[in-house]
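Trainee: I have a model open and would like to work through it with you. Shall we begin?

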Amino acid sequence: MHLPLPTGVIDPPRPPRLAMLGGTFDPVHLGHLRSAVELLEVLELDRVHLIPASVPPLRGEPRVSPEERLLLLRLGIGDTPGLVADPRELHREGPSYSADTLASLRKEFGVDARLVMALGHDAFLRLADWHEPERLFAMAHLVVIDRPDHEAPLSAALDALITGREVDSPDALMARPAGGLLRLALPTRMAISATEVRRRLAEGNSVRYLLPEAVEHHLLAHGLYRY
Ligand SMILES: Nc1ncnc2c1ncn2[C@@H]1O[C@H](COP(=O)(O)OP(=O)(O)OP(=O)(O)O)[C@@H](O)[C@H]1O
Ligand SMILES: O=C(O)c1ccc[n+]([C@@H]2O[C@H](COP(=O)([O-])O)[C@@H](O)[C@H]2O)c1
């Protein structure tokens with residue numbers, strides 16, 4: 001006697017899940033890379049695109065060229081599964097607005113993709129001053145990463161921008177393609193900043209264990225940030 005075959009509905013394929021972690025990366029350090037790996041795991045993402053800004057919109061000119069910051073990022077990522085050094089902002093003229101970068105990711109990955117823009121709490125505090133901040137939420141979710149060295153209250157303008165968007169879990173965020181806000185305390189919080197790395201290099205002090213070794217070797221071999 002034959003048992004009837006199960007007639008259950010086959011689950012539709014899971015939409016792609018990816019995050020952008022943009023930055024000046026002047027230079028990339030372990031705070032960036034460890035955060036990217038933990039984002040991948042906590043949000044169950046397919047990939048995290050680390051995207052160096054060619055012309056960072058709200059700060060002065062970086063110490064090192066976009067091409068060299070991208071090279072350092074590539075050295076830092078090495079063969080880490082799920083992390084991608086994404087050069088797309090180097091191919092645009094003018095200020096590297098995140099809204100434009102998200103539009104290009106959305107175009108590439110489609111309307112159903114779960115697209116996350118991840119940023120540290122310090123960067124989040126200035127979000128209301130960014131170019132077309134409302135458009136960011138039309139294209140992506142925002143995930144704000146706690147940083148132990150940056151804790152400050154939100155401005156009224158930022159409060160207004162995020163009202164009604166906050167969700168309390170990765171699952172709630174991933175139920176839709178865009179528009180939500182999640183604050184995350186990742187398992188490893190690192191008080192490392194590029195400012196501190198540059199300062200130590202200029203003083204001739206060690207940066208060992210603040211950066212991947214391949215990045216440290218390149219910086220030292222080429223005298224970057226020395227003066
Ligand atoms: N240690 C860290 N932990 C979590 N997020 C971080 C950390 N360092 C930087 N970020 C976040 O990564 C993104 C890119 O950071 P950025 O390249 O400006 O590095 P930075 O260390 O903040 O640099 P700088 O000291 O030059 O301002 C930002 O959203 C920032 O908030
Ligand atoms: O789009 C904007 O107006 C905008 C303004 C400030 C910062 N950003 C982006 O935020 C990321 C972190 O910036 P920064 O200056 O903290 O390294 C980086 O990807 C920047 O391009 C974007």
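Trainee: Which helix gives the largest share of the shell around ligand 1?

Mentor: Keep in mind that this is a predicted model. The shell around ligand 1 holds 18 residues, with Gly23, Gly31, Gly120, Ala194 and Thr195 the closest. Helix 1 (30–42), strand 4 (114–120), helix 4 (121–124) and helix 8 (194–202) each supply at least two residues. The largest share is three residues, and the element behind it is helix 1.

Trainee: How many charged residues are in the shell around ligand 1?

Mentor: Take the classes in turn. Seven residues of that shell are nonpolar and eight are polar. The charged ones number three.

Trainee: Which strand supplies at least two residues of the shell around ligand 2?

Mentor: Here 16 residues surround the ligand, and the closest are Gly22, Thr24, Ala53, Trp130 and His131. Helix 3 (98–109) supplies at least two residues of the shell. The strand that also does so is strand 1 (17–23).

Trainee: Why is the protein as compact as a globular protein of its length?

Mentor: The protein has nine helices and six strands. For 227 residues the globule rule gives 17 Å, and the protein is close to that, so it is as compact as a globular protein of that length. Its radius of gyration is 19 Å.

Trainee: What percentage of the residues count as buried?

Mentor: A residue is buried if 20 or more other C-beta atoms lie within 10 Å of its own. Among the 227 residues, the share is 36%.

Key. Residues numbered from 1 in each chain as written. Chains lettered and ligands numbered in written order. Predicted model: local features only at pLDDT ≥ 70, side-chain atom pairs only at ≥ 80, totals over all residues. Near = placed C-beta within 6 Å. Helix = DSSP H or I, 4+ residues; strand = E, 2+ residues; numbered from the N terminus. Nonpolar A, V, L, I, M, F, W, Y, C, P; charged D, E, K, R; others polar. Rg over C-alpha atoms; globule rule 2.2 N^0.38 Å. Buried ≥ 20, exposed ≤ 12 C-beta atoms within 10 Å, placed from the backbone.
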